[in-house]
Amino acid sequence: MTEAYRNGSKIWYEVKGEGNPLLLIGGFALLHNQFEFCDPILQKSGIKTIHWNYRGSGLSDWSLTEPLTLEGWVEDLKFTLDEAGIEKTNIWCTSTSTPIGIRFASKYPERMKTLITYPYYKVDDYWRNVFHAAYWVAHVFGITQLSRVFAGVVLTPETLYGPEHFKYEKWAAPIYEKNVNMTTMKELMDTLSSIDLTGDVPRIKCPTLLLMGNESALNDEESMQSASFDTLVSDFLELKPDAEVQAVKGAGSTYCMITNPVETCELLLNYLKNYD
């Protein structure tokens, strides 16, 4: 575990293993824990993993010494890589933190080897409502209840309310409690609510892989189509047609690395071999 300090704020990061560097950016509540089940697989496969918590979340500083912005997070990430002595890296980003990886890849192409990403790059009314609701669920019912809300839309329909769902909840709820801070959550949600990287996606120069599960409750709800597999992938490919797509079959959306870590890592590692 290592700490870097930028503009008076602590930025947490952790480097493990030896080999091809891979920076991992999880969603706003699971953060580095989102890749917990993939870490040992990756490190045994010649991957140096770099975990990082962005300002206002997790193990990084929760004090608001400056406003939370996407640009600030990108600069914190660049600073962290400099501190860790990593000149070029692969980046695997997912869920609500995907825009950080996309913006970094667009702004600093010389620092990129490959980008492995969930195809989410802009906010519409659906996403704004999700972030607004997330804050109020946590504010009224508590942070641990937030994990149930998100599990209900990103786990597969077959998983919901069964033994695997309850197993997930026992794992996820305390992680949400540890990583989410109500003092910064309102500003965090407001920052995530105003993102549009339509201009950044076509400027990504490095090889890009869209990696996600192809099943979730989102696919069956008309009101959630902007977050469904087909819509996300097709919208991204319109902007970057040369991106490759790998679907983890039977896995839930952004939780493929949690529910199907072996298959997810296999697809990822096979991709990275092409560019090592």
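Helices (H or I, at least four residues) and strands (E, at least two) are DSSP runs, numbered from the N terminus. By this numbering, Ser95 lies in the loop between strand 5 (89-93) and helix 3. The model is predicted: local features need pLDDT of at least 70, side-chain atom pairs count only at pLDDT 80 or more, and totals for chains, interfaces and linings use all residues. Residues are numbered from 1 along each chain as its sequence is written, and side-chain values use heavy atoms, with hydrogens and water left out.

Two residues stand out by backbone geometry. Phi of Ser95 is near 60°, a positive value in a residue other than glycine. Burial is defined by relative accessible area: buried means under 20%, exposed over 50%, and partly exposed in between (1.4 Å probe, protein chains only). At 16% relative accessibility, Ser95 counts as buried. Asn7 is not a glycine either, yet has a positive phi of about 50°. Asn7 is placed in the loop between strand 1 and strand 2.

Two strands pair if DSSP finds at least two bridges between them. Strand 1 (residues 2-6) and strand 2 (residues 9-16) pair in the antiparallel sense over 5 bridges. Their hairpin has 2 residues between the strands. Thr2 has Tyr13 of strand 2 as its bridge partner. Arg6 is bridged to Ser9, also in strand 2. Strand 2 pairs in turn with strand 4 (residues 47-52), in the antiparallel sense and over 4 bridges. Here the bridge partner of Lys16 is Thr49 in strand 4. In a regular strand the side chains alternate between the two faces of the sheet.

The nonpolar interior was examined next. A nonpolar core is a set of buried Ala, Val, Leu, Ile, Met, Phe, Trp, Tyr and Cys residues joined through side-chain atoms within 4.5 Å. The largest such core has 91 residues. Those with the most contacts inside it are Phe28, Leu42, Trp52, Trp92, Tyr168 and Tyr176. Helix 4 (residues 125-141) gives the largest share of this core, 8 residues. Contact means heavy atoms within 4.5 Å. Not counting residues up to four places away in sequence, Trp52 touches Ile11, Trp12, Tyr13, Leu23, Leu24, Ile25, Trp73, Asp76, Leu77, Thr80 and Ile100.

Aromatic rings were then searched for pairs. Rings of Phe, Tyr and Trp (its six-membered ring) pair if their centres lie within 6.5 Å; planes under 30 degrees apart count as stacked, over 60 as edge-to-face and the rest as tilted. The whole structure holds 14 aromatic pairs. One of them, Phe37 with Trp171, is tilted, at 5.1 Å centre to centre and 45° between the planes. Phe37 lies in the loop between strand 3 (20-25) and helix 1 (39-44) and Trp171 in helix 6 (residues 163-179), so the pair ties together parts that are 134 residues apart in sequence. Phe37 is partly exposed, with a relative accessible area of 33%. Trp171, at 15% relative accessibility, counts as buried. Ring pairs link Phe37 and Trp171 with Tyr168 and Tyr255 into a cluster.

A ring also meets a charge. A charge sits over a ring if NZ of Lys or CZ of Arg is within 6 Å of the ring centre and within 35 degrees of the ring normal. The charged end of Lys78 sits over the ring of Tyr108, 5.6 Å from its centre.

Helix 8 (residues 229-239) has two contrasting sides. Phe229, Leu232, Val233 and Phe236 are buried. Seen down the helix axis, the buried residues of helix 8 fall within an arc of 90° (taken from the directions from the axis to the C-beta atoms), so they line one face. The face turned away from this buried side carries the exposed residues Asp230 and Glu238. The buried residues pack against helix 3 (98-107), strand 6 (112-117), strand 7 (208-215) and strand 8 (244-252).

Thr117 is in strand 6 and is buried, with a relative accessible area of 0%. Leaving out residues up to four places away in sequence, Thr117 touches Cys93, Thr98, Ile102, Thr208, Leu209, Leu210, Leu211 and Phe236. Thr208 is in strand 7 and is buried, with a relative accessible area of 3%. Beyond its neighbours within four places in sequence, Thr208 is in contact with Leu115, Thr117, Phe236, Lys240, Ala243, Glu244 and Tyr271.
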